[in-house]
Amino acid sequence: MLAALIALLFLGGGSDGLASAIADRQKELKQVVVEDKRRDEALAVIKDLKARGKAYEKSLKMNWKQTGQALSGAGVAEADIDAAWEALYRERTDFEQDVVDARFQLRELLTREEWQQLFAESSQE
């Protein structure tokens, strides 16, 4: 049961795919967006998202290690288990919100045509 919860929390769904789809478009964005100011602003959004992704991965590893330590002993209190899972879940939802925010920031910066050029193929996959 615990393995299933872990799989659902960290492998199923979520925004990791969206974060990768956005970050992978950095090179194309440089070519598609010709206006310097908007291009630089859009690249800054992607750069921030990449940095947040790295911070998330680092924090996730640390929290995962702490969770393993908290759950490894015999007679672990239910409150300790709940607190450990809550920290992991909170970090995940914070990251997902950051990804969604980045998507909307980009959507405001790009024209409809630019958006289609950058993301139309990935939305059909």
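This report describes model confidence, the nonpolar core and the aromatic contacts of the structure.

## Basis and confidence

The structure is a predicted model, in which local features need pLDDT of at least 70 and side-chain atom pairs count only at pLDDT 80 or more, while totals for chains, interfaces and linings use all residues. Residues are numbered from 1 along each chain as its sequence is written, and side-chain values use heavy atoms, with hydrogens and water left out.

The predictor's confidence in each residue is given as pLDDT, from 0 to 100. Its mean over the protein chain is 80, and 82% of the residues reach 70 or more. Among the elements, helix 3 (residues 26-32) has the highest mean pLDDT (89) and helix 1 (residues 2-10) the lowest (45); helices (H or I, at least four residues) are DSSP runs, numbered from the N terminus. Over residues 1-15 pLDDT stays under 50, and the model has 21 contacts beyond four places in sequence for this stretch; contact means heavy atoms within 4.5 Å. Where pLDDT is low, the predicted coordinates should not be read in detail.

## Nonpolar core

A nonpolar core is a set of buried Ala, Val, Leu, Ile, Met, Phe, Trp, Tyr and Cys residues joined through side-chain atoms within 4.5 Å. The largest one holds 23 residues, of which Leu29, Leu106, Leu110 and Phe119 touch the most other members. At least two residues of this core come from each of helix 2 (16-23), helix 3, helix 4, helix 5 and helix 6.

Beyond its neighbours within four places in sequence, leucine 110 is in contact with Leu29, Val33, Arg38, Ala42, Trp115, Leu118 and Phe119.

## Aromatic pairs and a charge over a ring

The whole structure contains 3 aromatic pairs. Rings of Phe, Tyr and Trp (its six-membered ring) pair if their centres lie within 6.5 Å; planes under 30 degrees apart count as stacked, over 60 as edge-to-face and the rest as tilted. Tryptophan 64 and tryptophan 85 are edge-to-face, at 6.1 Å centre to centre and 70 degrees between the planes. This pair links distant parts of the chain, 21 residues apart, with tryptophan 64 in helix 4 (residues 36-72) and tryptophan 85 in helix 5 (residues 78-109). Tryptophan 64 is partly exposed at 35% relative accessible area, whereas tryptophan 85 is buried at 17%; buried means under 20%, exposed over 50% and partly exposed in between (1.4 Å probe, protein chains only).

Tryptophan 115 and phenylalanine 119 have ring centres 4.4 Å apart and planes at 40 degrees, so the pair is tilted. Both lie in helix 6 (residues 112-124), 4 residues apart, about one turn of the helix. Tryptophan 115 is buried at 14%, and phenylalanine 119 is buried at 9%.

The charged end of arginine 103 sits over the ring of phenylalanine 104, 4.9 Å from its centre; this description requires NZ of Lys or CZ of Arg within 6 Å of the ring centre and within 35 degrees of the ring normal.
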